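Dear colleague,

Please find below the structure I am handing over to you. My notes on what was found in it follow directly after.

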Amino acid sequence: MSFSRYLAKQGIQITFVNTEFNHNRIISSLPKSSHDDYFVGNGINLVSIPDGLEDSPEERNIPGKLSESVLHFMPTKVEELIERMITGSSGGTGTIISCVVADQSLGWAIEVAVKFGIRRAAFCPAAAASMVLGFSIKKLIDDGLIDSDGTPSVDKTIQLSPGMPMMETDKFVWVCLKNKESQRNIFQLMLQNNESIESTDWLLCNSVYELETAAFGLCPQILPIGPVGWAQSLEEDSISTSLGSFLPQDRDCLDWLDRQIAGSVIYVAFGSFGVISNAQLQELAIGLELTKRPVLWVTGSGDQQPIKVGSYQVKVVRWAPQREVLSCGAIGCFVSHCGWNSTLEGAQNGIPFLCIPYFADQFINKAYICDVWKIGLGFERDGQGVVPRLEVKEKINEIMRDGGVYKQRAMKIKEIVMKSVAKDGISYENLDKFVSWIKSQMN
Ligand SMILES: O=c1ccn([C@@H]2O[C@H](COP(=O)(O)OP(=O)(O)O[C@H]3O[C@H](CO)[C@@H](O)[C@H](O)[C@H]3O)[C@@H](O)[C@H]2O)c(=O)[nH]1
């Protein structure tokens with residue numbers, strides 16, 4: 001959605017296609033006054049189509065179910081939508097579609113665009129390294145590291161090229177679902193996507209060249225354009241910045257942050273899935289209290305509340321304006337699940353990390369943070385996979401030590417990111433080329 005907002009600002013008319021489920025969540029998170037007219041006025045038309053799981057919403061939580069349903073149900077729906085747009089059958093004159101921009105994991109949407117002869121771009125919201133891993137599947141099979149279903153033949157830590165993050169075979173994106181059938185489906189889908197992507201005019205990635213030099217070196221066809229929307233989020237009105245959130249933003253925490261000492265606050269947020277177990281929640285809460293530092297804690301859609309164990313200063317919100325939060329001087333460190341957006345947002349603000357990755361690409365992102373950029377620390381887990389309270393306390397104190405090396409390195413990373421999005425930076429240039437290209441298609 002940030003990418004769409006950026007393109008719309010350049011005068012490009014956007015039709016944003018979402019599943020009905022996500023569309024409804026996004027709309028109901030916005031202030032009532034902002035519906036419909038607001039988007040049309042701002043160049044973004046939000047439309048939705050069913051994902052096939054409307055009759056059994058609980059299936060959405062079964063790993064792999066949604067991808068499966070999307071794959072069977074949505075291509076036809078998107079075809080129908082494009083047909084209606086082109087012929088103008090749903091009112092108005094027909095629309096000329098200059099380009100279909102699809103998430104790189106939705107190869108089928110690229111195929112639909114091919115059918116209609118529409119130009120296409122794939123967009124990767126994750127690290128380039130994640131995509132490079134997908135592109136390396138054939139080599140991994142040839143090297144005997146995985147079988148033809150993606151199951152690792154050995155538990156091993158590998159590196160796709162020097163400078164890339166180390167990856168553990170049992171944490172490959174398709175393996176960590178811990179469900180054989182889902183693994184097989186996702187793995188096949190990735191192979192299929194690799195083929196579909198070959199027919200795109202552009203392969204864009206929300207990343208920064210200098211942060212992933214080795215990955216971009218392996219696959220030069222991937223063009224970094226990130227962090228997408230880095231500046232506009234601080235300039236736009238609050239409706240625009242919250243567009244795309246599944247929950248309404250609680251902006252009171254910004255005032256609370258203003259009252260805190262610079263660099264003193266621990267920010268805790270685990271992205272848009274409720275992934276943290278109750279046992280972990282408890283240890284984390286107690287560990288944070290032991291640090292005696294102020295905490296801003298996002299509970300997210302999981303609706304889990306941090307356990308109150310004492311009187312330390314903790315501000316709990318359901319959903320924060322995270323980009324703005326991370327740009328506040330009060331934030332000292334970020335306890336994160338290492339989703340790629342959070343990773344980039346912390347990096348672009350010079351914030352050191354404490355990492356608790358759970359699934360998918362989060363282990364790769366953690367390896368970037370801790371081993372490649374060296375701006376954060378991981379936690380040791382106990383036998384039950386829980387990070388114990390004393391581990392929480394010690395690692396946080398280590399990261400937040402005055403003038404610590406983690407903060408210094410994080411500030412260097414911030415500089416690198418800023419250069420990339422400034423005029424003449426690589427991300428800036430790539431984005432500029434893409435916008436000019438789309439505009440040339442419109443004429
Ligand atoms: O209170 C909050 C918490 C989060 N956010 C935003 O929500 C996004 C969260 O994104 P991310 O950190 O990437 O986490 P997930 O939502 O979990 O992302 C999914 O998608 C990512 C990109 O593909 C993957 O890297 C992750 O593993 C996957 O879980 C970020 O932009 C945050 O700024 C808020 O605005 N307010």
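The crossing of helices α13 and α17 is right-handed. In this predicted model, α13 covers residues 278-291 and α17 covers residues 389-400. The two helices pack with their axes 7 Å apart, at an angle of about 45°. On the α13 side, the contact is formed by E283, L284, I286, G287, L288, L290 and T291. Their partners in α17 are R389, L390, V392, K393, I396 and N397. By residue class, this contact comprises seven nonpolar, three polar and three charged residues.

Helix α4 (residues 65-87) and helix α5 (residues 107-116) have axes that come within 10 Å and cross at roughly 35°. Here too, the crossing is right-handed. From α4, the residues involved are V70, L71, M74, P75, V78, E79, I82, E83 and I86. From α5, they are W108, V112, K115 and F116. The contact of α4 with α5 has 10 nonpolar residues and three charged ones, with no polar residue.

The most is given by α16, with five residues. In composition, the lining of the second largest pocket divides into 13 nonpolar, two polar and five charged residues.

Most residues other than glycine have a negative phi, and most peptide bonds are trans. Against that background, the peptide bond from G226 to P227 is cis, with omega near -10°. P227 belongs to the loop between β8 (223-224) and α10 (232-235). C338, although not a glycine, has a positive phi of about 70°. This residue is placed in the loop between β12 (331-336) and α15 (340-348).

I would be grateful if you could look at these sites in the structure above.

With kind regards

Technical notes: Residues are numbered from 1 along each chain as its sequence is written. This is a predicted model: local features need pLDDT of at least 70, side-chain atom pairs count only at pLDDT 80 or more; totals for chains, interfaces and linings use all residues. Side-chain values use heavy atoms; hydrogens and water are left out. Axes are lines fitted to C-alpha atoms, for helices over the stretch in contact, and angles run from 0 to 180 degrees between N-to-C directions. Helices (H or I, at least four residues) and strands (E, at least two) are DSSP runs, numbered from the N terminus. A crossing is left-handed if the near helix is turned anticlockwise from the far one by less than a right angle, and right-handed if clockwise. Contact means heavy atoms within 4.5 Å. Ala, Val, Leu, Ile, Met, Phe, Trp, Tyr, Cys and Pro count as nonpolar, Asp, Glu, Lys and Arg as charged, and the others, Gly among them, as polar.
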